[in-house]
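Here are a few exercises to work through with the model open in your viewer. Have a go at each one before you read its solution.

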Amino acid sequence: MKDMMEKSSKKPDFLGEGIDRISNLPDDILHNILSYLYMFDVVKLSMLSKRWNYIWKTMPYLNFDINHFGFERIRRRHSHWVMAEKFKECIDWVLISQSANNLVCFKLCCGGMFDEGDIYRWIRGATTRNVQELVLSFRLAEPFELSCCFVTCESLRVLRLTLHGSILKLPNHFGFNQLKLLHLVEVELSNETSCLFSECPVLQKLILRNCSFGTTTMLDIASKSLVYVAVRNYVNNGKSYSECNIKISCPNLKVLKYRAPKAKDIILENLFSIEVVQIYFFDLGDATEEVGMLVHTMIKNVRSTSALKLCIYSILGLHKVLREVRNSPVTFYRLKSLNLTVRIDEVCMRVMMLLLKCSPNLEVLDLFSVENYGWDENWMLHDPNETIVCLESHLKSIKLNDFKHEENEMELLRFSLKNARVLEKLTIVWDGCADISEEASEEVSMFPRASSDVVVKFLDFDPN
């Protein structure tokens, strides 16, 4: 460890007129400041004084990252394996020298250069110090099993685990009695993984990002404590999704975000407390009737939500199934915010209008416009003899994103200003590739109510 340090004859920048103001700060403030540094850099500060030697040894934040280990000239001089050995020695030395008994956070990022024994030893070093948050990123040749020191750690509140494609195995017995947040990244889930979600008695937040299902046929997320579930996958492993069913049954769930390839089936049950629902499918070649039936079934089971967000595939799929009377959606009495990715054409506008009819208390409509195909000149967005309750009495804000100044978009804006009786704000965000035109702004300002009753804003980009 000593050969990794470089001595400096310069005085620290924070010394002024003989007064070391930073060193005089309380321990907890210094610990919080140093929590943003990697542990190797924190240890180097021990050369400043006895005070700093004490500070690093009592640090409740330990952050080890092999990608930010050692000086650049030393990394150039040694091979990856030599640096890995020095990295291992550094962690072992720090854990032996440390006197902190209550760790707030232990972070370890070490790639695939260490064996299972090293990983378990370091994790055990953190759990025996009553760690509250574990952030781990590594890759093993064999499946990684959550060891006894994991599940029996009563202080653990947050676990963020990145396995870079390795399989996660569960122990024979469960614990995690205080775990509130579980974030799995690039983990291959097994059939028994579902037990993990249901056996954590106070788990509130579950995030699965870029995880794969391997041979798993059913991912069952059942929990009375979960209030937030997010399934996100932007990588190309849609095949494992297409062969797996996902079931979510959480009576206290408030937020559900699904942004991933379409699973074989997505079953939503007992979502009595749901408030926010987002459905975004990726890697779909075409929006089939099967997609429409899946989305139709999903939204029928979240009728109490106050915010709903749907992707273009969901909209196009719904169009294929909502033409039949028996498939008409339920009424969303609590829906306040509707976010849709659409084409401004006859197909998507039909679905949008039907959703508006089924959302009598809607206050906010947020549209993302993708490629547009227009509509037949004889087709109307809305039958003037038919009443849409939210347009008459509740819809206060409309935003059109990725505006391209096309005729069908202008027609939609004209319709909105004319028919949304209590509209207060109309926000138009230009498409990043479109030529921003003053003509469009002037044209919209001439629409009825554009200047008198409704605030109309054109933005070059969405600040949100």
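**Exercise 1.** Which helix supplies the largest share of the lining of the second largest pocket, and how many residues does that share hold?

*Solution.* Keep in mind that this is a predicted model.
- Step 1: Start with the space itself, which comes to about 390 Å³ for the second largest pocket.
- Step 2: Gather the lining, which is made of 19 residues. Leu381, His382, Phe415, Lys418 and Asn419 are the ones that lie nearest the pocket's centre.
- Step 3: Look for helices that give at least two residues each to this lining: helix H13 (389-393) and helix H14 (407-419) both do.
- Step 4: H14 takes the largest share, with five residues.

**Exercise 2.** Sort the lining residues of the second largest pocket into nonpolar, polar and charged.

*Solution.* Go through the lining class by class. You end up with eight nonpolar residues, three polar ones and eight charged ones.

**Exercise 3.** Work out how H14 packs against helix H15 (residues 438-445).

*Solution.* 
- Step 1: Angles under 35 degrees count as roughly parallel, so H14 and H15 are roughly parallel.
- Step 2: For the handedness, H14 passes H15 in a right-handed crossing.

**Exercise 4.** Now try helix H5 (residues 80-97) and helix H6 (residues 116-127): what is their crossing angle, and is the crossing left-handed or right-handed?

*Solution.* 
- Step 1: The axes of H5 and H6 come within 11 Å and cross at roughly 25 degrees.
- Step 2: That angle makes H5 roughly parallel to H6.
- Step 3: H5 goes past H6 in a left-handed crossing.

How values were computed:
Residues numbered from 1 in each chain as written. Predicted model: local features only at pLDDT ≥ 70, side-chain atom pairs only at ≥ 80, totals over all residues. Heavy atoms only, no water. 1 Å grid on protein atoms, 1.4 Å probe; cavity = no way out; pocket = protein on both sides within 12 Å on 5 of 7 lines; lining within 4 Å. Points joined across faces, edges and corners; volume = space filled by probe spheres on them. Helix = DSSP H or I, 4+ residues; strand = E, 2+ residues; numbered from the N terminus. Nonpolar A, V, L, I, M, F, W, Y, C, P; charged D, E, K, R; others polar. Axes fitted to C-alpha atoms, helices over the stretch in contact; angles between N-to-C directions. Parallel < 35°, antiparallel > 145°, perpendicular 65-115°, else oblique. Left-handed = near helix turned anticlockwise from the far one by under 90°.
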